[in-house]
Each structure stands twice: as C-alpha cells, then as structure tokens.
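Here are my notes for your first look at this model. Keep the structure open beside you and check each point in turn.

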There are 2 protein chains.
Amino acid sequence: MERETYRVTFQPDGRSVFALRGTKLVEAAGQAGIILNQPCGGEGTCGKCRVEVQHNAPEPTPSDRRLLDPAKVADGWRLACQLTVTGDMVVSIPQETRFFEQIVLTEGKGRKYPFNPNLRKRYVTVAKATVEDQRSHLDRLKAAIGEDDVQAELPVVRALAGLIQDEERALTVVLEGDEIQWLEEADTTRSLWGVAFDIGTTTLVGTLMDLTDESHVGRQFVASRTNPQIHFGDDVVSRITYIGQNADGLDKLRKRLLGSLQEMILELCAQAGIEPEAIYEATAVGNTTMTHILLGVDPASIGRAPYVTVMRESVDVKAREAGLEINRNANLHVLPNIAGFVGSDTVAMILASGMARDEAVQIGIDIGTNGEVVIGNRDRLIACSCAAGPAFEGARIRYGMRATEGAISTVVINDGIEVGVIGGGRPSGICGSGLVDIVAELLDVGVIDPTGRIRDGADLPDGVPDAVRQAIVRFEGQPAVILVPEARSKVREPIMLTQRDIREVQLAKAAIQAGIQVIASEFGVRPDEVDRVLVAGGFGNFIRRSHAKRIGLLPPVHTDRIEYIGNAASSGAKIVLACRDCREEAEEISLATHYVELANRPDFQMYYMDAMMF
Amino acid sequence: MERETYRVTFQPDGRSVFALRGTKLVEAAGQAGIILNQPCGGEGTCGKCRVEVQHNAPEPTPSDRRLLDPAKVADGWRLACQLTVTGDMVVSIPQETRFFEQIVLTEGKGRKYPFNPNLRKRYVTVAKATVEDQRSHLDRLKAAIGEDDVQAELPVVRALAGLIQDEERALTVVLEGDEIQWLEEADTTRSLWGVAFDIGTTTLVGTLMDLTDESHVGRQFVASRTNPQIHFGDDVVSRITYIGQNADGLDKLRKRLLGSLQEMILELCAQAGIEPEAIYEATAVGNTTMTHILLGVDPASIGRAPYVTVMRESVDVKAREAGLEINRNANLHVLPNIAGFVGSDTVAMILASGMARDEAVQIGIDIGTNGEVVIGNRDRLIACSCAAGPAFEGARIRYGMRATEGAISTVVINDGIEVGVIGGGRPSGICGSGLVDIVAELLDVGVIDPTGRIRDGADLPDGVPDAVRQAIVRFEGQPAVILVPEARSKVREPIMLTQRDIREVQLAKAAIQAGIQVIASEFGVRPDEVDRVLVAGGFGNFIRRSHAKRIGLLPPVHTDRIEYIGNAASSGAKIVLACRDCREEAEEISLATHYVELANRPDFQMYYMDAMMF
C-alpha cells in the first residue's frame with residue numbers, strides 16, 4: 001500500500017497536522033490536540049463524533065448514512081471515527097463533538113460526571129431586619145441562600161457589615177463548597193470562571209472554563225508554556241537536586257513556575273475578555289515533585305530512596321497564599337498524589353478515563369519524561385512509574401527534539417525514507433512520534449534486527465530498497481541511518497538515527513513494557529488480555545498505534561482496543577473544576593490505587609531484560 | 001445588731017477586702033474576685049469550700065466538725081460557707097477549693113465539664129519510610145497520631161518536609177481539634193498554655209491557663225486592665241457612634257483594644273515565666289459590640305434600630321490574623337452571641353452557670369454597663385438586655401466612681417452613717433455597691449420614701465438618728481445626704497448622695513427589674529417563684545443581697561436562693577479553653593436562647609413605671 005502524508009486542518013481552531021494516508025480522522029484530531037467524543041469506542045454506532053468536511057468530502061460510509069441526516073451528509077458531515085485521511089482536508093469540529101463535554105456532561109463508558117462545580121454564584125435577596133426579625137445579618141444571608149451548613153470566614157463577615165444595612169438587600173453570593181467565598185453588590189452571576197492547570201515537568205497547560213452553568217461549560221480557553229524550571233534541569237530528579245544544593249532553590253523554582261502560571265492567566269483572561277479577578281477558583285495537577293514545588297513543600301524525600309512523598313492528600317489553599325493572583329478569595333485545589341513518582345496527573349488520568357468506574361480491565365499509559373502506568377478496573381487499581389527517561393521527548397537522542405515546528409513527527413519507508421515535518425518546512429530534528437515511526441519502519445524492512453542492531457552491508461536482507469541501503473552510513477564507529485540529507489535539512493548536517501539512539505529507545509520502551517508486565521502480573525492478567533489500552537499525554541496523541549506496538553511500547557492488543565484519551569491530566573483538573581463530587585472520587589483513587597515500586601520487584605529486572613529486545 | 005466593717009485578706013493571692021460583720025466568707029472572697037467551690041449551694045453539707053483561717057479562727061460549726069478532719073479543725077480549717085466575718089481575718093484558700101476546678105472538673109448542679117481541651121500535644125514516633133512502607137510523610141505522621149480525621153494545613157506540610165527525613169522520628173504534635181496546628185522537634189508536651197479573655201466595655205480580664213493535663217488546669221494567672229476604648233466613650237453606643245463618624249474609627253478602637261490585650265499577654269507570660277510563643281490558643285467573650293470590634297467587623301448595625309448584630313456565630317480565626325501575638329499558628333476562638341445587646345459574655349454566663357442543663361428555673365443577672373438578664377432551664381431560655389445605664393459603675397452619679405481604691409463600697413447606718421472604703425483610706429467617691437447600700441439603708445430608716453424622694457425637716461419619721469438628720473442638706477434646690485463631711489473626704493468637699501443620684505438609681509434598677517418581669521412573664525413564672533437567682537459580674541460580687549433586694553435590683557426571693565457566680569463571662573471563656581465539646585454547647589445556647597427586645601414589648605413600659613418605686 002502506498003502511504004503518503006497529507007495536511008489536515010481543523011476549524012475553528014485553525015490547527016494543522018500532517019497525517020499519513022489511512023489515518024483515522026479521530027487520531028489526526030488527537031495529534032492536533034483536539035479530542036473527540038467516542039462513547040461507542042469508535043465503532044460507528046453512536047454518531048457522537050460527527051464533523052463537517054469543508055471540501056471534497058469522501059464518500060459517506062454506511063454508518064454515516066445510518067446515523068446522520070441526509071441533508072447533513074450532503075453538506076459534508078461525516079463520523080470522524082469512520083473517516084480516514086485520503087488527501088489534504090479542512091474539517092470543522094463543532095463544540096458538541098469535543099471530548100470535554102463527554103467527560104463532564106454525557107454518559108459513556110463510566111465517564112459520566114455531573115455538572116456540580118465547587119464554585120457557584122447565587123443572586124439572593126436578604127430579608128429586612130426588623131424588631132421582630134432580630135436574626136444577625138449573617139443568619140439572614142444564610143437563610144436567603146437556603147442551603148444547610150453554609151459557613152463564612154471573617155473577611156466575608158467584615159465585608160457583610162459594609163454591604164448589608166438593615167433594609168432588604170439583593171447580593172451576589174460566591175459559594176465555594178459550603179463556604180461563602182465572597183459577596184458582590186451587583187448581579188454578577190453571569191461571570192464565573194475557573195482555571196485548571198496541568199503542570200508537567202516540560203509543559204504547562206492552563207484551561208480557563210466558564211462555570212456559570214451547564215450550557216456554558218464548553219466555553220474554554222487554553223494556553224500553554226514550557227515549564228521555565230527547565231533551566232534547572234530536564235527531569236524532576238535534577239530539579240530536586242538543585243533545590244537540595246541551593247538554599248533559595250525551592251523558592252526560586254516555585255517563583256519561576258508561578259511567574260509562568262500568572263502569564264498564562266493573563267493570556268487566558270485576554271482571550272476571554274475578562275479580568276483575573278473574575279477567576280474564582282484554580283485547580284492543578286502535576287507529578288508529585290511539581291505539585292510539591294508549586295505549594296512550596298520541599299520535595300527532597302522524593303529524590304532519594306525510598307522516594308517517599310511529603311503529602312499524598314489533596315490540598316486546598318487560598319490562591320493568593322499559594323502565589324496566584326486571581327480573585328483575592330479564590331481557592332486553589334491541588335489534586336492528591338499516589339506516590340513519589342505517581343502524581344496527581346495520574347490520579348487525573350484515572351479520573352478522566354473512568355478506569356476506576358469501569359468493569360473492563362484497562363491499562364492507562366501516560367508517557368512523559370517518566371512513564372506512569374496504571375492497570376485495573378472498578379475493583380482494583382495498580383500503578384507504577386517507569387524510569388523511561390526523556391528519549392521520547394527528544395532528549396539523549398542525537399537529533400532529538402520536542403514536538404514543535406521543524407520536528408520530524410512521521411516517517412514512512414516506501415522506496416526510500418519519507419518524512420512528515422511539523423509545520424511543513426525543512427526538518428531540524430526528530431520528535432518522539434518520528435522516533436517510534438523510524439524504528440518501527442526499519443524493523444519492518446529488516447534494517448534493525450530484533451536485538452536493536454543496525455545491519456549494514458552484507459547483513460542487510462534482500463528486500464531493503466536501494467535508497468534505504470544508501471542511507472546507512474558509519475557514525476562514530478557504528479552504523480547509522482540518514483533520514484534527511486544535509487541538503488534538505490535545516491541544521492546544515494544530515495539528520496540521522498544512530499545506533500546509540502536505538503539503544504536509548506530500547507531502554508525507554510523496555511522500562512515501560514516491563515512496568516506494564518509487572519503490574520499486569522500483579523493484577524493477574526497478561527498485558528494482551530486487557531480490554532482496552534488508554535494512551536494519554538501529549539506524546540501519546542502523536543504516535544501511531546501499530547508502530548508503538550511494533551517496537552513494544554504499547555502492549556500487543558488489537559489496534560481497535562488502543563484508545564487515545566488526550567491530555568487526561570488536564571481533563572482531570574477540568575473535571576474537578578466542574579464537578580465537586582469528583583474531588584472525593586480523586587481522593588478515593590489516590591487512596592485505593594496500589595503503588596508498586598519497581599526497584600523493589602525481583603521480576604522487574606527479568607521483564608526488563610526481556611523487553612530490551614524488539 | 002451592731003455592724004462594722006473588717007479587713008479580710010486572702011492568701012496566697014494577697015488580696016484584701018472590707019466586709020461587714022456577719023458577711024459570709026464565700027461572699028467576702030467573691031468581693032476579692034476569688035470564687036469558691038459550693039457544689040452543695042452553701043448548705044454546709046459537701047465540705048468543698050474548706051479554707052484555712054491563719055489566726056484566731058472562730059469556733060468551729062457543727063458542719064466543720066462533721067466534714068473536716070479534727071486535726072485540720074484544730075489548725076484553723078473551716079468551711080467558708082459557714083464562716084462569717086467577725087473581725088479582721090487572714091484566710092488561706094487552697095487550689096482545690098477554688099471555683100474553676102468545680103466548673104471544669106467536678107460534678108455539681110449540672111456544671112460538669114470534662115477536661116478535653118481543643119488544644120492538645122502529643123509526642124509521637126513517626127515510622128521509618130521504606131521501600132515497603134511508601135506512605136507519605138504526612139500519612140505516616142497521621143498514623144503515629146492515631147486519630148481519625150486529623151488534617152494538616154499547608155504551613156504544617158511545609159514544616160514537615162524539613163522535620164521528617166526518612167528515618168524514624170519523634171516529634172511533638174500540637175493538635176487543635178482535628179487540625180495539626182504545628183510540629184515541634186523536642187518533647188514539649190509539658191508546656192501548653194491557653195489564654196481566655198473577657199472583654200468588657202469597661203474592664204478587660206485575661207486568664208492564662210495550663211492545659212497540659214487535667215491535674216494542671218488549676219494553674220492559672222490573671223491580669224486585668226481598663227478597656228482603653230473608654231477614651232472613645234463610656235458605653236458601647238458612644239463607641240459605635242465614634243466608629244460611624246471616623247473613617248479610621250474601627251481600626252483605631254480595634255488597635256487600642258489589641259494593644260491592651262497584648263500587654264496583658266506579656267504580663268501573664270511574665271507571671272508564668274513563659275514566652276508568648278508557648279500560648280497556643282486564645283478564647284474571648286464580650287458583649288456583641290466588643291467582639292465585633294475585636295474582629296474588625298463594623299458594629300454600626302448594633303447601634304441603630306432594630307439593633308441587629310452582623311454575626312451571631314462563634315468565630316475561629318488565626319490569632320495573628322486577628323492581631324494577637326502568641327504562638328504564630330494559634331487559633332482565636334470567639335464565643336457566639338445571642339443578639340445585638342446580648343453577647344457572648346451572656347452565653348458564657350449561661351454556659352458557666354449550668355443554667356441550660358439544670359431542671360431548676362433560674363434567673364441569671366449580669367450587671368455591667370448594661371444589664372443582661374436570662375431566665376430559664378434546660379428546656380427553654382429567654383434573655384433580654386436592660387438599658388440600665390452606668391449608674392452602678394459610678395457614671396451619672398455626682399460622686400460616683402468605679403470600685404477602685406478610695407471608693408465607698410459599703411455603707412451602714414447605726415447612730416450615724418458609717419462607710420467602708422476600698423483600700424481603707426479617705427474616700428473620694430461612691431461605687432456601685434456603696435450606692436446600693438446607702439439607698440437601701442436610707443429607705444430602711446425612712447429618709448427616702450417609696451417614691452424615691454428624700455424627706456427632710458418635718459417630713460422625716462421619728463426613728464431617724466440625729467446624726468443622719470444633720471447630714472440632710474439642700475443641694476441645687478433639692479435635699480441631699482452627706483455621707484462623708486469635707487473634713488474626712490479626700491476630694492476637699494463633702495461626699496453626698498443627691499436627689500438626682502437617687503433618680504438615676506431608680507431608672508437603672510427599674511430597667512433591670514422590668515426586664516426581669518418581662519422575661520419571667522414570657523417564661524410563665526413570677527420572678528419570686530424561681531429556684532435560684534445567679535448574680536454574675538464584678539459589680540454583682542460586691543453588692544449585699546438583702547440591700548439589692550431592698551431597692552428592687554434583685555427579685556424578692558429568699559437570700560439563700562441568691563448565688564454569686566463571680567465573673568461568669570471569664571469562666572465561660574476558660575471553660576471553652578479546657579473543654580472542646582463546650583464550644584458546641586455554647587453554639588446551642590446561642591441558637592436556643594430566645595431574645596426578647598424590650599423596646600418592642602407593650603408590657604415593658606408598664607412594668608418599668610411600676611418598678612420606678614422602691
């Protein structure tokens with residue numbers, strides 16, 4: 001089969017990705033960071049993933065005809081789960097097709113979360129004080145709110161004294177759980193925003209959400225930044241070391257992080273046309289080290305054996321005390337951790353995916369700088385952290401780079417080696433998904449043998465195309481494969497995959513594969529027996545399932561059982577903004593998930609050695 | 001009967017008072033601010049009020065012989081409830097005889113409060129973190145504490161990160177309710193102090209209490225100050241007016257108050273030989289205006305009809321946020337109010353007296369600048385505030401003064417007018433108890449008629465001694481009575497009681513008497529039908545029961561049924577330091593006590609007019 005890459009543009013986002021012919025549109029959208037509804041699991045039976053193809057829509061499938069209105073089909077509407085990329089496309093994705101709605105609002109695979117935000121506003125009328133009605137102002141305010149157990153802290157009482165005279169008075173009450181967070185004179189119930197942060201070692205994502213009511217919850221704005229702590233080390237351990245060696249280290253890293261979060265807040269406010277004062281709550285997830293630093297808690301113990309976290313529980317603190325400048329009374333809710341190397345981002349993944357509610361046994365994988373893996377169902381959950389290293393984020397790879405403009409993100413070997421480049425220009429390196437592609441393709445044609453060695457010369461099997469044979473060179477005494485010659489590279493040297501790069505890929509994927517095997521064995525199943533494999537995280541969204549399986553990064557289940565769930569960490573942070581009860585669920589997940597320390601498992605080394613092979 | 005005043009000195013306090021011959025020693029001690037145990041109600045049957053008379057102890061009573069060890073009786077030990085003042089005395093009062101023990105620790109008239117302070121210290125050993133025990137540091141600390149629902153706020157978590165390494169670690173945990181308030185490296189469980197404040201309009205009282213364990217709870221230190229807000233007005237209404245008319249008024253009054261409280265803290269610490277950092281909790285009671293000002297809540301609405309309070313509930317706030325410098329994590333608990341003019345001091349009186357737990361129907365009276373009165377039992381409580389005015393505190397009385405050195409505090413008419421002076425020197429004025437005495441005595445001899453008019457000349461009845469007749473002069477066109485002639489006065493003019501002074505006394509006592517009648521009628525009894533009348537407050541401790549009844553200030557019940565309960569407001573503040581559950585009881589009292597606004601009662605004016613008569 002001839003395989004080519006095409007540009008797919010998503011509207012109204014205006015984001016483009018390069019996708020191989022035959023890629024499912026839901027996957028291409030995932031690559032663009034847009035996750036679609038698929039309550040039926042991509043079976044083409046629920047009709048929830050409808051999108052509009054702007055020009056030259058391909059022939060409708062039987063599912064399209066069955067589930068969509070004929071007039072819509074004629075206008076180019078199709079089901080994204082049945083649609084494959086067959087050329088350059090422009091696709092419009094309506095709000096209701098987007099993933100967030102599914103998580104928060106609709107039914108599907110145990111992912112139903114009611115809209116009941118911790119943060120609410122009520123416009124109430126406080127009764128007049130009279131000689132007959134001698135209740136305190138606060139008691140009359142509580143009665144107007146009409147909810148049991150509502151409490152007010154001192155600053156609110158102080159404000160109340162100025163706001164309520166003895167006459168009848170209408171006020172907007174900002175409620176945070178059972179707490180009166182603030183009082184406003186006008187009816188401001190039409191403005192209620194929350195911000196959800198995903199604090200990754202490498203990337204920060206912030207989402208501003210409209211929490212006024214259920215119908216507005218899809219009104220979201222997104223901003224992202226590189227974590228500025230990167231200047232103090234690529235991974236969490238080097239940052240913990242920096243903190244340990246510098247008296248002001250914790251403060252410095254914390255302030256850097258807060259600075260970027262505040263920039264994102266301003267950017268999000270500009271997008272939405274609001275002031276930071278209109279944001280009444282923040283939530284945050286991240287790996288354990290990141291949330292410790294955010295909260296000013298020394299993460300030293302996470303960095304040394306036995307790698308214990310200082311706090312596991314969720315934390316609620318005034319946002320201004322934590323250092324975030326949003327509404328002066330806003331709360332910051334940080335989700336709970338599981339262990340030193342399995343943080344609230346993993347709790348968020350379990351929460352957002354519905355793993356903990358489902359009968360089906362699923363594996364959830366979040367591949368970032370570390371790989372966190374969870375297996376289980378509603379009865380039992382087991383998690384581990386795999387020291388995969390940053391290979392899939394481009395580090396320790398000779399031409400490795402992050403998945404930004406100029407990165408080779410897809411590789412296809414036909415007669416020669418063809419590459420897809422993010423942004424479409426000349427490439428300057430290879431990002432994680434490109435790395436998975438090239439290794440898988442070279443394995444397929446036999447250039448890499450099962451031990452990971454690059455064959456050359458007489459060792460090469462017969463079917464290797466000439467152009468590929470010619471791309472094999474010697475580099476530092478070992479074979480290497482040139483993906484892009486100097487003439488077409490942006491960095492004025494050929495972009496190549498070295499023998500050493502392949503060893504890094506082997507180490508990384510072996511760590512994840514062995515981790516999966518340990519927790520699957522602990523759970524009592526084989527990895528290929530699970531009902532579903534959920535792939536989360538930025539990197540996860542960009543890799544091709546078949547190739548990831550080919551190199552052993554994902555378990556050998558049928559491709560249909562591998563599902564991309566997008567930035568599940570971010571989804572978790574958003575869910576707890578929109579759903580108060582989900583905080584308790586997150587706490588339960590944090591407590592119930594059994595953590596397996598791989599360093600302590602005799603079987604891990606055995607699995608790890610086996611998993612080094614392709 | 002010949003009546004003279006004698007000096008009674010109490011040890012080890014070193015306080016002296018002047019008491020009339022025949023005064024019960026428990027009353028004399030009450031005048032000195034020392035309240036004794038009387039679980040049997042002064043019947044001489046329980047033996048709890050034992051004291052040691054230093055020299056020339058009077059003959060033992062049958063009760064003394066029955067209840068005390070013969071050797072002790074020989075050493076001068078007597079029951080204070082059976083002992084009367086018959087000459088100058090020096091009496092030693094042991095700790096176990098003092099009232100606080102009774103309130104907090106022992107059984108008696110429904111006043112049993114268990115020792116279970118909100119504040120506790122535990123010296124615990126936190127288990128070593130291992131690869132097998134991956135619980136967070138905080139989870140291991142919680143397990144070491146071994147109590148359910150223990151929580152920690154962020155500053156504690158931050159401190160924990162520095163204190164606990166992975167090794168086994170012993171720590172002192174300071175617990176405030178279910179909250180870990182702080183962690184200390186050494187075993188500091190032998191030092192745990194709380195401070196209880198009674199914030200009166202006129203007087204501030206602070207008590208430092210040792211909360212380490214039940215056996216130390218009697219270790220208390222007391223300090224007092226005049227409320228410095230007096231410069232802004234004698235009563236609450238003038239202070240509210242000052243706040244309303246000055247933009248910085250609330251802040252200024254609050255800071256003045258905090259300044260004095262802080263001075264008292266330092267004085268108490270000096271007495272106890274501790275640092276303010278060793279005080280881990282503060283409690284406070286006061287009238288509603290005082291606690292509003294303390295907490296920085298504008299009391300404006302209390303000062304205007306319908307006199308509604310901003311907050312009724314108890315308040316918990318970090319002491320440092322409230323402006324008190326004790327332990328940096330200490331809590332300040334302010335007891336709840338009932339209404340704008342019935343504050344947490346009244347809740348404290350109800351709590352300390354056990355009124356709300358007793359089957360007997362009791363009236364509680366706290367006469368300060370205002371008079372707060374409560375009637376009821378465990379089934380029902382009704383309260384009101386009587387605008388008695390400050391006459392009994394010396395204000396609006398020509399020679400009126402507070403009960404300090406130089407004040408005439410007792411008056412006896414035999415052949416002439418004899419006065420007892422606080423401190424024993426020349427008098428400079430009359431305090432509240434002296435005022436009650438002189439009015440009652442003049443009523444008895446017929447110098448004052450039942451309408452309150454001073455008789456003179458031919459109007460005087462026959463039995464008036466000559467010396468008294470000669471003391472009646474004309475002043476501003478009306479009769480007046482000279483108590484102390486110019487020659488023996490400190491102020492270089494005769495100290496007299498004017499017709500106008502008597503009118504002030506009539507207005508004040510009428511307000512209280514009518515208030516009692518309204519709430520008694522609301523309760524469905526006559527004031528003289530109640531089982532007991534409890535008299536609280538500084539002034540209350542100094543008045544003679546029979547005289548107070550004579551002028552109509554106290555209901556006409558048998559004198560045995562009138563009981564002094566000392567500074568019950570202060571006792572309430574101390575009780576909630578030592579007994580966590582009592583905070584809930586205070587909240588229940590605050591909610592359950594029905595407030596009657598006298599201004600709104602048609603029957604009040606009628607009772608008030610009647611009560612103007614003697």
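Which strands of chain B does helix α8 lie across?

1. The helix. This is a predicted model. In it, helix α8 of chain B, residues 249-272, lies across β10 (193-199), β11, β12 and β13 (279-286) of chain B. The helix runs at about 150 degrees to β12(B).

2. The sheet. Those strands belong to an open sheet of six in chain B, with the order β12-β11-β10-β13-β15-β14. The pairing is mixed. From one strand to the next, the twist averages 20 degrees.

3. One strand pair. In general, strands of a sheet pair through backbone hydrogen bonds, either parallel or antiparallel. Look at β11 (residues 203-210) of chain B: this strand and β12(B) are antiparallel, with seven bridges.

4. The interface. Now turn to where the chains meet. Chain B gives 41 residues to the contact and chain A gives 42 residues. The area buried between the two chains is about 3300 Å². Carbon and sulfur atoms give 56% of that area.

5. Links between the chains. Six salt bridges cross the interface of chain B and chain A. One of them joins B:Glu313 to A:Lys142, with the closest N and O atoms 2.4 Å apart. There are also 20 residue pairs in polar contact across the interface.

6. The chain B side. The elements giving two or more residues to this side are α5 (137-145), α6 (154-163) and β14 of chain B. The residues here divide into 18 nonpolar, nine polar and 14 charged.

Definitions and conventions: Residues numbered from 1 in each chain as written. Chains lettered and ligands numbered in written order. Predicted model: local features only at pLDDT ≥ 70, side-chain atom pairs only at ≥ 80, totals over all residues. Heavy atoms only, no water. Pairing = 2+ DSSP bridges. Helix = DSSP H or I, 4+ residues; strand = E, 2+ residues; numbered from the N terminus. Axes fitted to C-alpha atoms, helices over the stretch in contact; angles between N-to-C directions. Contact = heavy atoms within 4.5 Å. Buried area = accessible area lost by both parts, 1.4 Å probe. Salt bridge = Lys/Arg side-chain N within 4 Å of Asp/Glu carboxyl O. Polar contact = N/O pair within 3.5 Å; in protein donor to acceptor, adjacent residues only side chain to side chain. Nonpolar A, V, L, I, M, F, W, Y, C, P; charged D, E, K, R; others polar.
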